[in-house]
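My plan is to look things up one at a time and jot down what turns up.

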Amino acid sequence: MNVQCPTSRLIALAVLCLLACVDDCLAAEPMQYPLAVAVADDGTIYVADLKLPGIWEIREGTRREYFRGSKKFRTPLNAVRCLAIDQDGRLLAGDSATREIYRFDADAKPQPLTDGKLGIPAALAVDAEGVIYVSDLETRRVWKVPAAGGEPVEVARNAGVRGMAFAEDGSLVVATALAPQVRKMAPDGTVTPVVTGRPLKFPQHLAITKTGTIYIADNYSAGLWKLAEDGTPELWKTGKPFVRPVGLTAADDVLYLADPHARSLFRVDQAGKVTLIDGPPAAGVDSSTGDAAQ
């Protein structure tokens, strides 16, 4: 005859309650320093958090940890700085702690692609063939890496590139703090200035919407620049709720903006309406379910 000890049952119940409490606490943990954002085709949002350190996933209105790195320096994603989605819908992340680009596999495990051959990856972009482009603040270059990974190949010497995105014509558009601050690199290597001089204060990530409009997050301007067809920059959105925006990406004609000093992720539509997806309540800003697909 088996008799279960009441004490054992109470201990088991207490352990289950403790685990549930831990899960709830983790789910409620706020973003600490959201620095970059990427949106998958299914609407899932990924946010790089430099101080987590790691990556959050927002799916159907719920945020959870996608990957948490170690606090130990020179370990994967200890200093994640940029994100992108590759041609197969998989997440890419640039990490300066290990001087590496990672691709996440089906089990959300980061797989290194360059054997630590980079310096400080600040921005990522993927072309139509799946080739990965990365700006490196340390070597002051833009590199390209085969889709499957391998030795980085120099594309251009451009210092301070923090924003990159591919235009519809296959050109790589980059944003840098140096004049000319926005440049277009054609597939044949030809470089054409888009914005001359230095009208932007401190350009960060760059995004191109489905209609071809170029937007740039500006850390010092506390907002978003929008480029006219002739390249004329307009400080389109500035001030509250933005504090020091950095991360920027586009899904169709919707922008997603990560602001590490506001500890928030925002959605901005083409009419300029700002929606808070995640973060502390912001005065005058609608809150969102976090569903990026809509």
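Predicted model: local features only at pLDDT ≥ 70, side-chain atom pairs only at ≥ 80, totals over all residues.

**Entry 1: R99.** I started with R99, which counts as partly exposed because its relative accessible area is 29%, and burial needs under 20% while exposure needs over 50%. I then looked up where R99 sits: in the loop between β6 (91-95) and β7 (100-104).

**Entry 2: R74.** Next I checked another arginine, R74, which is not a glycine either but has a positive phi of about 65°. R74 belongs to the loop between β4 (62-68) and β5 (80-85). Is R74 buried or exposed? I found a relative accessibility of 58%, so R74 counts as exposed.

**Entry 3: cis bonds.** Most peptide bonds are trans, so I went looking for exceptions. I found a cis bond between L52 and P53, with omega at about -15°. P53 is in the loop between β2 (45-49) and β3 (54-59). I noted another cis bond running from K240 to P241, where omega is near 10°. P241 has its place in the loop between β20 (233-238) and β21.

**Entry 4: stepping back.** I wanted the overall picture at this point. I count one helix and 25 strands in the protein. Of its 294 residues, 51% are buried. I also looked up the accessible surface, which comes to about 14100 Å², with 52% of that belonging to carbon and sulfur atoms. Among contacts with a separation of 6 or more, 39% link residues 24 or more positions apart.

**Entry 5: β11 and its neighbours.** I picked strand β11 (residues 141-145) to follow in detail. Four of its five residues are buried, so β11 is largely enclosed by the rest of the structure. What does β11 pair with? I found strand β10 (residues 132-136), antiparallel to β11 over five bridges, and strand β12 (residues 153-157), also antiparallel to β11, over four bridges.

**Entry 6: another hairpin.** I moved on to strand β13 (residues 161-166) and strand β14 (residues 172-176), which run antiparallel and are joined by five bridges. F166 stands opposite L172 in β14. Five residues lie between the two strands of this hairpin, and G170 in the turn has a positive phi of about 90°.

**Entry 7: the open sheet.** In what order do the five strands of the open sheet come? I read it as β21-β22-β23-β24-β25, with mixed pairing. The edge strands are β21 (247-251) and β25 (286-287), each pairing on one side only. Inside the sheet I checked strand β23 (residues 264-268) against strand β24 (residues 274-278), and four bridges join them in the antiparallel sense. R267 stands opposite T275 in β24.

**Entry 8: Y220.** I found Y220 in the loop between β18 (214-218) and β19 (223-227). Which residues does Y220 touch, leaving out those up to four places away in sequence? I got K201, F202 and R244. Y220 and R244 are 24 residues apart along the chain, and their C-alpha atoms are separated by 6.5 Å.

Entry 9: Last, I looked for empty space. Rolling a probe the size of a water molecule over the atoms shows where such space is left. The second largest pocket holds about 260 Å³. I noted that 15 residues line this pocket, and the closest to its centre are L35, R81, R162, Q204 and V246. By kind, the lining divides into nine nonpolar, four polar and two charged residues.

Terms used. Residues numbered from 1 in each chain as written. Heavy atoms only, no water. 1 Å grid on protein atoms, 1.4 Å probe; cavity = no way out; pocket = protein on both sides within 12 Å on 5 of 7 lines; lining within 4 Å. Points joined across faces, edges and corners; volume = space filled by probe spheres on them. Nonpolar A, V, L, I, M, F, W, Y, C, P; charged D, E, K, R; others polar. Buried < 20%, exposed > 50% of the residue type's maximum accessible area, 1.4 Å probe, protein only. Contact = heavy atoms within 4.5 Å. Areas by Shrake-Rupley, 256 points an atom, 1.4 Å probe, with all protein chains shown as cover. Pairing = 2+ DSSP bridges.
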